[in-house]
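This briefing concerns a single protein chain and is arranged by topic. Please consult the sequence and the coordinates shown below alongside the text.

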Amino acid sequence: DIDESPWHIEKETSVMNEAKRRLLARGDIKMFTVPFPKAREVTHCLRDVLEPVVADHYYISKKKLTQFVSTDVPKRKTRDLKQIGYIDKNAQGNRVYSVDGVSPTVSSQTGGLGGSGGGVFAMNEPEGDIATWSIRKLTPTECFRLQGFPDSYISQLREIGISDRQLYKMAGNAVTTRVIEHLFKTVKPYI
């Protein structure tokens with residue numbers, strides 16, 4: 001018995017409140033509110049998940065580096081997302097981020113220089129000539145680390161022959177393990 005009457009949403013009534021009202025009217029659905037976690041100080045940065053040595057094909061070519069455009073974002077002491085520029089155009093896959101900030105979303109469908117890694121990252125930011133910079137995309141292992149998976153998982157995937165392209169898609173389609181763990185712990189008492 002679903003109420004099929006038209007929805008009339010007034011300024012004072014949100015879609016969420018109307019949906020909740022209709023569900024409660026059924027009488028057989030248990031409703032509860034999950035408390036949203038308080039924001040915590042970010043203590044880690046992207047640098048914490050980087051592999052110490054990666055293959056050359058992850059690095060942006062010196063020719064592409066000549067297309068770097070600085071965004072002149074002021075340096076902050078917090079561990080926020082820190083876009084420092086872009087290469088060619090300011091699209092998601094071409095944005096250049098500092099490894100001293102947090103990572104942007106790991107996407108399974110991003111194009112550009114960053115491929116599915118969600119952008120490219122300045123491994124070092126020396127003063128002066130951009131040609132001395134070291135800018136690269138994330139490796140699949142680094143993407144999986146950002147999602148909270150142990151290195152043993154990606155090692156097993158590599159052993160069975162899964163390509164980097166597929167690994168990027170898998171990491172981008174994954175849900176961050178720590179987020180799911182927190183949600184389940186929070187919802188469990190209500191079930």
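Which helices each supply at least two residues of the lining of the largest pocket? They are α3 (140-146) and α6 (177-187). The model is predicted: local features need pLDDT of at least 70, side-chain atom pairs count only at pLDDT 80 or more, and totals for chains, interfaces and linings use all residues. Residues are numbered from 1 along each chain as its sequence is written, and side-chain values use heavy atoms, with hydrogens and water left out.

**Overall architecture**
- The protein contains six helices and five strands, where helices (H or I, at least four residues) and strands (E, at least two) are DSSP runs numbered from the N terminus.
- Their order along the sequence is α-α-β-β-β-β-β-α-α-α-α.
- Of the 191 residues, 31% count as buried; buried means under 20% relative accessible area, exposed over 50%, and partly exposed in between (1.4 Å probe, protein chains only).
- Among contacts (heavy atoms within 4.5 Å) between residues at least 6 apart in sequence, 51% join residues at least 24 apart.
- The protein exposes about 12800 Å², of which carbon and sulfur atoms supply 55%; the areas come from the Shrake-Rupley method with a 1.4 Å probe.

**Largest pocket**
- A pocket is an open set of points on a 1 Å grid over the protein atoms alone, where a 1.4 Å probe fits, with protein on both sides within 12 Å along at least five of seven lines; lining residues have an atom within 4 Å of a point.
- The largest pocket holds about 1200 Å³ of space, a volume being the space filled by probe spheres set on the grid points.
- Its lining comprises 26 residues, and R40, V42, T176, R178 and V179 lie nearest the centre.
- Helix α6 gives the most to this lining, with four residues.
- By class, the lining divides into 13 nonpolar, seven polar and six charged residues; Ala, Val, Leu, Ile, Met, Phe, Trp, Tyr, Cys and Pro count as nonpolar, Asp, Glu, Lys and Arg as charged, and the others, Gly among them, as polar.

**Helix α5**
- In α5 (residues 164-173), the buried residues are L167, Y168, A171 and G172.
- These buried residues fall within an arc of 130° seen down the axis of α5, so they line one face of the helix; the arc is that of the directions from the helix axis to the C-beta atoms.
- R165 and N173 are exposed on the other side of α5.
- The cover over the buried residues of α5 includes β5 (134-137), α3 and α4 (151-159).

**T141 in helix α3**
- T141 lies in α3 and counts as buried because its relative accessibility is 8%.
- Leaving aside residues up to four places away in sequence, T141 touches E51, D151, I154 and R158.
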